[in-house]
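Subject: Structure handover

Hello,

Here is the structure for you to look through. Please open it first, then read my notes below.

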Amino acid sequence: MKRIPHILICVLTVLVTACSEEVTPTYTVGEANNAITLRAGISQQTHLTRAVEDNHGQHTNFMPGHAKAVLRMDGKWAGGNPYRLRTTATMTAVTGTDKKHNAVTMEPVLYWDDFHTADPANSVGRNDGLEIYGASVNGYLMKVGTDVILLPDGTDDTRNNLKALLTSSFDDWKQLHWTLPTDQSDGTTITNNDLLTSNNITAGGDGTLKFDDVKGKTSTPPTKPSDLLEFTHAMTHITVELTAGTGFEASVGYTQFATTPSVTLLGFPYVGLVDIINKETTATDKNFTVGSTPATGNINCFAKLNKTANTSNHTATATALVYPGCAFDDAMNVLRIMADGNEYLVTAKKLNDELTSLNNQGKITTGTTLQQGTNYVFQVTVNKTGVDVTATIKEWNEITAENEAPIINFDKCYGQNDEAFTKTFSLYRSTNKMKDYTGGSDQAVITYENNRYVMTPQLYWPDHKTHYFFRAIWPQVGTPDGPAAITNTNSIEVIEVYNEAYRADKYPSDLCIGMPRKADGTPDETCKNGHGVEGICATDAPDGSTHEADGKIHLNFQYAMSQVIVILKTNDDVSSTNRVTFDEHTTVEILNGYTAGALRLGDGSSDFTGKTPATYPMSKPAADDYTNYLDAIVPQALTNTTGDLAFRITVSEDGGVTSDAYETVLGIKGIQVNEGGVLKTINAWEPGKKYIYTLTITKTGVTVAATIADWDTVTADTPIWM
């Protein structure tokens with residue numbers, strides 16, 4: 001924050017005309033030359049951070065005939081008893097060649113003889129002089145008759161405030177009730193409640209106004225301090241300067257703020273007492289109880305869009321009045337900004353840092369407490385929150401993904417073997433877990449360029465309340481190595497897959513689906529902050545974060561297919577009659593399994609709608625390798641509508657003559673394996689796992705050793721006869 005705060009001071013300057021050149025003048029009450037005359041002006045704003053001298057005397061004029069003020073003049077009779085008169089001052093035309101001050105008319109006109117200051121017998125009143133107090137509501141104090149306030153569409157609070165001011169007794173000027181509206185979004189509301197007070201022409205101010213000081217004065221404007229009536233603001237002024245930033249550029253379809261942004265001040269005091277006599281403003285509860293805990297609320301600001309020609313980024317300014325005396329902890333949210341449906345929360349830290357710096361420099365002495373008559377400026381650049389990702393891929397030798405908190409800043413992609421993964425992948429999002437991922441504004445491509453990851457097009461959160469499900473696909477959709485497209489099956493978006501000889505880094509063998517998840521196959525898409533819905537929101541903070549707008553995601557990629565590996569062995573004794581020979585006529589088949597299907601993008605599960613089980617011949621990695629078989633298999637249960645899946649192994653001893661072939665059918669589901677130290681039966685081939693079956697085949701039997709390699713090491717030793 002570069003500029004805070006401004007000082008706003010409204011000044012009325014007093015001029016008393018020459019009464020007479022005679023040594024012992026004689027006055028008649030009501031004659032013009034005996035009237036007390038005034039001039040008025042408004043001090044110009046200066047930035048506190050740049051103010052090195054007093055801005056006293058830097059004025060601009062009021063709107064002629066429009067601005068009004070209530071004045072109270074206190075004098076004394078000869079006996080020392082106070083005598084008080086009230087008048088309403090109206091700022092009239094700018095005076096002569098002086099363009100910074102208004103002449104003032106008063107109703108009723110007040111005269112020096114009203115206070116007997118010209119009476120030699122009134123030595124007490126003559127020596128003490130006049131005290132002048134004033135109050136104005138930024139020019140909108142209107143009087144009809146003697147009592148009624150006329151305002152342009154003022155709120156009830158505003159009307160009551162002004163009526164209280166106009167009709168209050170003089171004693172009330174020490175405890176004037178003043179309530180600020182919480183809805184200040186109307187442009188006139190702030191003006192109608194901007195209370196200005198003056199007490200400088202008193203013994204405690206610049207002095208009193210004395211008859212002898214002005215008798216015979218002809219200078220214009222007056223120069224003595226007692227001739228200047230200064231008004232200052234009783235409240236604190238808050239200004240929020242907004243600039244449209246990232247995400248509002250023409251390239252992403254946001255050339256400006258779509259509508260005027262709304263700004264709300266959070267938890268500010270708005271009720272209290274104004275002491276006009278001592279120029280003090282104190283926040284209270286709603287009952288105006290002295291010393292009470294101030295009533296606080298959310299105050300809607302008046303915002304105005306400032307459209308500048310030939311620029312893509314526009315600005316807006318929002319303003320509001322609050323009660324002085326409040327201070328905020330750094331972490332407290334003090335501003336809520338709504339722009340194009342996005343919600344932005346601003347903490348008090350930057351404001352506090354600037355105020356602390358000014359205090360340390362000696363430019364202010366009030367620390368971080370907001371003061372009356374001061375304009376505090378928040379400068380906020382409003383950026384659309386970009387949908388960025390941090391992603392990791394889990395190797396085949398890992399089952400459990402890292403426990404990574406969802407974040408939204410894209411600072412690195414996933415890597416294999418701890419190396420940076422620089423290939424391109426597709427990103428999708430949807431508000432529906434199972435469908436609607438492929439809308440034009442909900443998909444992008446992530447590439448690696450100049451040592452950083454780039455999203456094209458850059459996706460932005462439409463607001464900070466919408467929850468999304470994020471999915472990523474590698475290899476990239478629509479490329480020769482990736483799926484052709486995301487398709488639709490029964491209103492569920494899926495990726496079509498099929499069994500094939502394993503091909504590294506190709507679809508479907510190494511197809512990966514990325515989503516926010518903490519463990520294998522377990523999405524971690526329950527939002528934070530108690531929203532009570534699934535999906536990731538821009539304001540879903542990661543665990544341990546103290547910043548509500550720190551909405552980030554992690555995408556954990558896991559392989560979507562299963563790998564099934566069969567290794568054939570025989571008797572190690574080359575002289576044994578049980579030994580078999582593996583050659584080009586040896587075959588390994590999977591019986592009763594699905595050979596094609598679809599993977600649901602929402603949860604990665606398999607969908608076999610419209611598919612029937614069939615026999616699938618397994619593939620050799622090399623044409624002359626007759627003992628190793630490796631395929632990518634659609635994840636599936638080892639039991640389906642046709643029964644249990646099985647291996648069928650055929651070995652020919654005489655060049656493929658059927659009558660001399662050895663054949664066995666091995667029920668896969670029944671093999672007991674050791675997975676993670678626990679003996680268990682594998683009931684399904686799950687995504688992201690390698691299942692390695694080592695089959696020792698002889699002419700009298702088959703010995704099976706089965707493992708789920710890398711991710712889970714499993715072993716089995718089961719005699720199976722041909």
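Is Glu 589 buried or exposed? Glu 589 is buried, with a relative accessible area of 16%. Buried means under 20% relative accessible area, exposed means over 50%, and partly exposed lies in between (1.4 Å probe, protein chains only).

First, some ground rules. This is a predicted model with residues numbered from 1 along each chain as its sequence is written, where local features need pLDDT of at least 70 and side-chain atom pairs count only at pLDDT 80 or more, while totals for chains, interfaces and linings use all residues. Side-chain values use heavy atoms, leaving out hydrogens and water.

**The chain as a whole**

The chain has five helices and 54 strands. Both are DSSP runs numbered from the N terminus: helices are H or I with at least four residues, strands are E with at least two. Of the 722 residues, 51% are buried. Now take the contacts (heavy atoms within 4.5 Å). Among those with a separation of 6 or more, 67% join residues 24 or more positions apart.

**Confidence**

pLDDT is the predictor's confidence in each residue, from 0 to 100. The chain averages 74, and 67% of the residues score at least 70. Over residues 45–57, pLDDT stays under 50. Take care here: where pLDDT is low, the predicted coordinates should not be read in detail.

**Salt bridges**

Side chains of opposite charge can pair when their charged atoms come close. A salt bridge here is a side-chain nitrogen of Lys or Arg within 4 Å of a carboxyl oxygen of Asp or Glu. The count comes to twelve.

- Glu 589 meets Arg 648 in a salt bridge, at 2.8 Å from N to O. Glu 589 lies in strand E39 (residues 587–593) and Arg 648 in strand E47 (residues 646–652), so the pair ties together parts that are 59 residues apart in sequence. Arg 648 is partly exposed, with a relative accessible area of 24%.
- Glu 500 pairs with Arg 503, their closest N and O atoms being 3.2 Å apart. Glu 500 counts as buried at 10% relative accessibility, whereas Arg 503 is partly exposed at 35%.
- Arg 600 bridges to Asp 607, with the closest N and O atoms 3.3 Å apart. Asp 607 counts as buried, at 5% relative accessibility.
- Arg 72, Asp 74 and Arg 84 are linked in a network of salt bridges.

Best wishes
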